[in-house]
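Hi everyone, thanks for making time. I'd like to walk you through one structure today, so please have a look at the screen.

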Amino acid sequence: MISEILQTLPQVLVDGLTLGAIYAVIALGYTMVYGILELINFAHGEIFMTGAFVGVAVLIFMSGAGWLAVMPAIIALLIVLVITSLVTGVLGMGIERLAYRPLRKAPKLITLISAIGVSFLLQDIVRFITEWKRGNYILTGPQLFDSKIGLDFSSIWSHFNDAILKTSSIILLVSAVVMMIGLDFFVNKSKWGMAMRSVAQDRETASLMGINVNKVISLTFFIGSALGGATGVLFAMQYGTINPYIGFILGLKAFTAAVLGGIGNIRGAMFGGLLLGVLEMFASANLQKLTGGVFTAEYKDVFAFGILIIVLIFKPEGLFGKAVTEKV
């Protein structure tokens, strides 16, 4: 059994890191909003889904216009990423302004219910528009990158099998790393990032020191939503077919990744996403072997969430979070 697990380990790591990169970037949106507003923005998964549909719609338009045939694939992808990021960024700002800001002083449960309502609203709007335009809410767009690269892991150790890495996976991983590093640099080194950290630490004091809290919160929603939308494009490019309900389970897992790493901690969200992706792929490939056939690959989510429960029992603040003691 151990030999079989080792044989598939390279492919598991490749697939797990690819999936984990998606979780990590989506988790950044959750953790940024929570760090400033202490709000779990459950509509963020649907912003990711909206980004996937906007990106595929732009690709379909470009393909119909004949632009994809004469344009380098990487340029087309950059155009789609920029357009989608702007659309979903503005969408995130609009949601904050209309659904969250009026409830900022309301009990957190009310805001949470509002977020869930926005989530279902986005699902139905995207489904209605897609069925109206295409006749089906399941959408498949043109693929920009369809080549594959063989990774010779067997030459490193004879117990390993070789792995296959899709070109789209490379693009996804590179894009995700660039977005995560860029966000980390922005939050820790820029003037606006300093304002975000100030508002997250003490909103009232930051306001007294001249920081426009509403602008900072709007910017936070714009950045988080733009990253989520861009990740939706990368997801559609990697997995091909999308539907209006992909944001629910992916958003839930990304939120889990944020909690696993330490909700409110940007670097923790990155690590939590990558870890969750690898754990999920490991369970998908090996759970049936490890349990003697009792549990199949369909139980991979149970395995991943079980790890989360164990971590939170022994470290409730997450792997990178800091325990906070309330003053009485």
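**Salt bridges and a helix pair**

Let's start with E96: its relative accessibility is 0%, so E96 counts as buried. Please keep in mind that this is a predicted model.

Who are the partners of E96? R101 forms a salt bridge with E96, and the closest N and O atoms there are 3.1 Å apart. R104 forms a salt bridge with E96 as well, with 2.7 Å between the closest N and O atoms. Through shared partners, the salt bridges join E96, R101 and R104 into one network.

Now to another pair. K253 forms a salt bridge with E280, at 3.0 Å between the closest N and O atoms. This pair links distant parts of the chain: K253 sits in helix α10 (residues 246–261) and E280 in helix α11, 27 residues apart. Are these two buried or exposed? Both K253 and E280 are buried. The salt bridge count comes to 6.

Helix α11 (residues 266–290) also packs with helix α6 (residues 167–189), at an angle of about 165° and with the axes 10 Å apart. Angles over 145 degrees count as roughly antiparallel, so that is how α6 and α11 run relative to each other. Their crossing is left-handed. On the α6 side, the contact is made by M180, L183, D184, V187 and N188, and on the α11 side by I266, R267 and M270. By class, that contact has 5 nonpolar, 1 polar and 2 charged residues.

Technical notes. Residues numbered from 1 in each chain as written. Predicted model: local features only at pLDDT ≥ 70, side-chain atom pairs only at ≥ 80, totals over all residues. Heavy atoms only, no water. Axes fitted to C-alpha atoms, helices over the stretch in contact; angles between N-to-C directions. Helix = DSSP H or I, 4+ residues; strand = E, 2+ residues; numbered from the N terminus. Parallel < 35°, antiparallel > 145°, perpendicular 65-115°, else oblique. Left-handed = near helix turned anticlockwise from the far one by under 90°. Contact = heavy atoms within 4.5 Å. Nonpolar A, V, L, I, M, F, W, Y, C, P; charged D, E, K, R; others polar. Salt bridge = Lys/Arg side-chain N within 4 Å of Asp/Glu carboxyl O. Buried < 20%, exposed > 50% of the residue type's maximum accessible area, 1.4 Å probe, protein only.
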